[in-house]
Amino acid sequence: MNVALAIVAGLAVAGAVLAVSARDVRATVLGVLIVLIAGPLVASPWPSPAAILARVAAGLLAARLLTIGLRGEEATAGTRIGWPAEALAAAAAAVVGFGSHGLGAAALGPAEAQAAGFALIALAISPLVTGRDVLRLGIGSVLLVSGALFIRVGLDNPPRDGEQLVISLLTISLGGAIGVIGAAARAAGGLAASSVAIGLPVPRLPDAHRDIRREVGVEPISPKPPVAPKEPGVATEPPAVAKAPRAVPRAPRRRTPRTPKPPSGDAS
Amino acid sequence: MTVLPFLVVAAVAGTCSLILRASRGWSTTIAIVGLLAMTWVAISLSPDAAIDIGGTILAGSAWLRLYAILASVVALGLIAVDVSAFHEPDAPGVIVIAIGAAVLALASPHAGVAVLAATAGGLAGVLVAAPLGAAARAAFVGARELRALAITGALAILATAWLARPLAELATQPAVFGLAYLAFGAAVAVRFGAIPFHFWAARVADAAPGVALPLLMAWLPAAFAAVALVWIDQSVAPMALPLSTERVLIAAIGTVSIVLGLVAALVQDDLEHVVGYSIVADAGVAVLGLAVLDPAGWEPARTWLLVFVVGRSAFAAWVLAIHGGFGTRRLPDLAGWARRAPVLAASLVAIAATSIAWPGLAAWQARSTLIDLALPRPIAVLVMIAPIAAIAIYGRILLVGVGQPDTAVRAGRGERPRWPASLPRRPMAGVGGLERGFERASHALSGTLDVAWLLPTAVRTNRMPLAAVAVLLLSGLAFLIAGGGLGVREAARAVPQAAASDTAPSGPGSTAEPGPSAEPSATASPSPQASFAPVP
């Protein structure tokens with residue numbers, strides 16, 4: 001086992017856990033960026049410097065496109081089972097991937113890449129299947145494709161420079177596609193607006209997580225409803241929205257100090 | 001000429017067109033110029049030329065050349081019709097880029113690289129499925145399309161990587177080949193929106209602009225299917241494994257798509273949905289092509305891919321022209337359309353003939369051969385006659401068209417050519433011969449200027465007849481291809497250079513690496529031969 005490769009693969013998996021667990025959009029994008037940048041480095045031998053540069057540049061560009069599309073959005077649904085559970089699921093999948101290296105025949109790539117690939121695919125399943133907001137679906141898509149690419153590196157000869165270039169194009173396309181969808185959803189009322197528009201249930205806020213916005217005193221996290229076009233002279237009713245959590249935290253109830261009991265006079 | 005200039009032109013023109021999307025005129029002009037250049041470069045492509053870029057070979061082939069020419073020409077026709085109808089801002093640039101990605105996928109002999117390029121090209125389509133400023137539903141559709149593309153891309157990457165190694169050890173485990181084959185087959189079916197994977201495709205048909213529909217549902221998935229055919233031919237079929245369960249599953253998906261796709265197209269009132277489901281039905285035949293692990297299926301499968309994408313593009317262009325001309329695409333509101341648009345009616349007849357076909361046409365031969373090879377005899381007979389039911393689909397549309405014109409049709413543009421203003425009369429005033437000569441020359445110049453001045457307005461006024469002519473040309477092209485014109489059969493029969501040189505390493509006991517390490521022979525010419533020889 002190559003320790004350096006294992007560390008890089010572990011970083012990639014950690015980035016993926018961050019991407020699927022975080023509710024802060026910036027943290028989610030950071031997680032994706034870690035996965036994309038670690039991608040070319042989980043290989044033995046490493047690609048040429050030009051290929052690594054192209055892949056890193058593509059990862060940065062994809063993250064930038066994501067950020068442009070999500071500008072102004074601060075929160076996504078995040079995981080419902082918490083990051084420790086996601087991390088454990090990823091670790092279990094990584095063990096399976098490491099143990100089944102080659103999938104039936106001698107492999108030409110490192111086992112660490114296959115382990116990371118299995119972990120990423122395991123992490124991608126939940127957002128792809130249950131994701132209601134477009135960012136979660138997009139993150140799931142990135143992780144799924146990245147996981148498949150990791151497994152490809154683990155099974156086959158390392159990609160040559162030309163293939164690395166095509167992978168870079170694919171990475172940029174993924175980032176651009178998520179950015180475009182995110183921007184379209186945001187313009188329509190929020191990341192979950194597309195689900196609201198077709199009658200799907202709105203993602204419920206996780207109970208196990210603290211609301212990070214309460215600390216900075218901004219509006220609570222809730223999917224914004226799609227804005228109905230207002231016709232002149234027609235009063236429009238606001239659409240029904242899922243009940244949002246309280247904007248201002250309730251002040252903690254204070255107990256009034258008990259007054260000491262006055263001494264009774266008949267003690268004497 | 002190699003495929004590289006084509007890719008460069010597509011990348012530059014598509015990117016510039018998208019950058020200038022705010023200015024529709026410039027964006028469309030750049031895309032049209034780019035497509036013209038791509039057509040010219042595609043015609044100059046040499047089927048034998050190959051180029052090495054960073055260790056990855058990009059090789060030409062006769063089929064790739066024909067695909068590139070047809071895609072560029074059909075895209076020009078679609079954009080011309082779109083300009084006359086709605087003029088979607090992102091569509092021209094996306095079409096150019098996606099065609100470039102599809103050609104990149106087809107040029108790569110290494111299936112692993114090809115699926116990456118085909119997936120990247122599909123992602124470009126998200127831009128038109130979920131445009132900025134669209135309704136929330138568009139974002140939903142775009143997200144689902146992204147998910148479908150990611151799943152199909154991942155399945156194809158895994159399948160190709162699994163079998164892209166020395167297969168001596170894997171040969172003892174047929175299940176590995178079966179799983180990889182099934183994964184890639186399922187990926188192709190999902191990309192085509194084959195039933196039962198049609199939900200996302202139906203939503204795309206609903207939300208995407210009509211001009212992009214053939215690209216999203218036919219051209220890009222067809223490139224993906226062509227990659228799958230080459231991969232199956234190189235990596236799975238030579239093993240001569242039974243794989244009966246896997247083949248039955250893939251054949252079942254194809255059969256269900258053919259039958260139910262036709263039924264769904266018949267009951268739809270929205271013409272764009274009719275196009276979408278007729279694409280699904282025709283794609284079912286392409287999926288059947290994957291179930292044929294026999295060299296006899298090679299030529300008909302690749303012939304059908306070209307016949308089907310050009311034919312469905314012509315149908316989509318027809319719907320676009322009708323929608324642009326009459327402002328609706330709901331069939332009940334289009335009563336009497338054929339009376340006001342006889343050229344479009346003739347086009348629809350040509351499209352119907354292409355779609356249904358008859359014995360003797362290349363389209364019929366390809367479809368019946370694939371069905372015959374993929375299905376057992378009794379079922380094959382039923383499925384073979386099922387496409388004839390498409391007569392009901394086109395007959396219904398034509399029947400509505402010959403009725404009394406409805407309000408929308410009466411208020412629509414119609415095909416009769418009109419001149420926006422009457423040209424001024426200039427009486428002769430000169431008395432002498434020389435004077436009259438000068439005057440005539442002056443009148444001719446003034447008349448030319450009058451016409452030139454009115455030309456832009458005349459084009460705007462006659463958008464409907466111009467669109468109808470473009471659709472007629474497209475349907476004529478579709479009919480030509482369905483009849484085996486432009487050498488479609490010869491191009492489909494030719495074995496790609498890498499396939500011809502790479503079949504041997506896939507066999508059991510072989511240790512040579514298939515695909516990327518093999519240098520395509522620059523002198524090999526496409527020849528009618530079996531695409532692979534079964535490994536004993």
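**Entry 1: Terms and confidence**

I count helices as DSSP runs of H or I with at least four residues, and strands as runs of E with at least two, numbered from the N terminus. I am working on a predicted model. One stretch needs care: residues 502-529 of chain B have a pLDDT below 50. That stretch still has 69 contacts in the model beyond near neighbours in sequence. For the complex, the predictor reports an ipTM of 0.83 and a pTM of 0.83.

**Entry 2: Chain B as a whole**

How many helices and strands does chain B have? I found 23 helices and 2 strands. Along the principal axes, its C-alpha atoms fill a box of roughly 100 × 50 × 45 Å.

Next I looked at burial. In chain B, 60% of the 536 residues count as buried. I also looked at how far apart the contacting residues are in sequence. Of the chain B contacts with a separation of 6 or more, 81% join residues 24 or more positions apart.

**Entry 3: The two strands**

I turned to E1 (residues 50-53) of chain B. This strand pairs with E2(B) in the antiparallel sense, over 4 bridges. B:Ala50 sits opposite B:Ala59 of E2(B). E1(B) and E2(B) make a hairpin, with 2 residues between them. In the turn, B:Gly54 has a positive phi of about 60°.

B:Pro47 has 19 other C-beta atoms within 10 Å, so it counts as partly exposed; buried would need 20 or more. Its C-alpha atom is 9.8 Å from that of B:Leu66, which is 19 residues away along the chain.

**Entry 4: Helix H21 and what follows**

I picked H21 (residues 463-482) of chain B. From first C-alpha to last, its 20 residues reach 28 Å, close to the 28 Å expected at 1.5 Å a residue. The helix is mostly covered, with 16 of its 20 residues buried.

Just after H21(B), B:Gly484 takes a positive phi of about 90°. B:Leu486 also has a positive phi, near 60°, and is not a glycine. I placed B:Leu486 in the loop between H21 and helix H22 (488-493) of chain B. It has 16 other C-beta atoms within 10 Å and is therefore partly exposed.

**Entry 5: Another positive phi**

Which residue in the loop between helix H15 (342-356) and helix H16 (362-374) of chain B did I check? It was B:Ala357. Its phi is positive, about 65°, although it is not a glycine. B:Ala357 has 24 C-beta neighbours inside 10 Å, so it counts as buried.

**Entry 6: Cis peptide bonds**

In chain A, it joins A:Ser44 and A:Pro45, with omega about 0°. A:Pro45 is in the loop between helix H2 (25-38) and helix H3 (49-69) of chain A. In chain B, B:Ile195 and B:Pro196 are joined by a cis bond with omega about 15°. The loop holding B:Pro196 runs between helix H8 (174-192) and helix H9 (199-207) of chain B.

**Entry 7: Core and interface**

I looked up the largest nonpolar core. It has 294 residues. Those with the most contacts inside it include A:Ala16, B:Ala102 and B:Val471. I followed A:Ala16 further. Leaving out residues up to four places away in sequence, it touches A:Gly31, A:Val35, A:Ala90, A:Ala119, A:Leu120, A:Leu123 and A:Leu143.

Last, I checked where the chains meet. In chain B, 45 residues are in contact with 46 residues of chain A. Helices H5 (111-124), H6 (126-129) and H7 (136-162) of chain B each supply at least two residues of the side that touches chain A. H7(B) gives the most, with 17 residues.

Technical notes
Residues numbered from 1 in each chain as written. Chains lettered and ligands numbered in written order. Predicted model: local features only at pLDDT ≥ 70, side-chain atom pairs only at ≥ 80, totals over all residues. pLDDT = per-residue confidence, 0-100. Contact = placed C-beta atoms within 7 Å. Pairing = 2+ DSSP bridges. Buried ≥ 20, exposed ≤ 12 C-beta atoms within 10 Å, placed from the backbone. Expected span 1.5 Å × (residues − 1). Core = buried A, V, L, I, M, F, W, Y, C linked by C-beta atoms within 7 Å.
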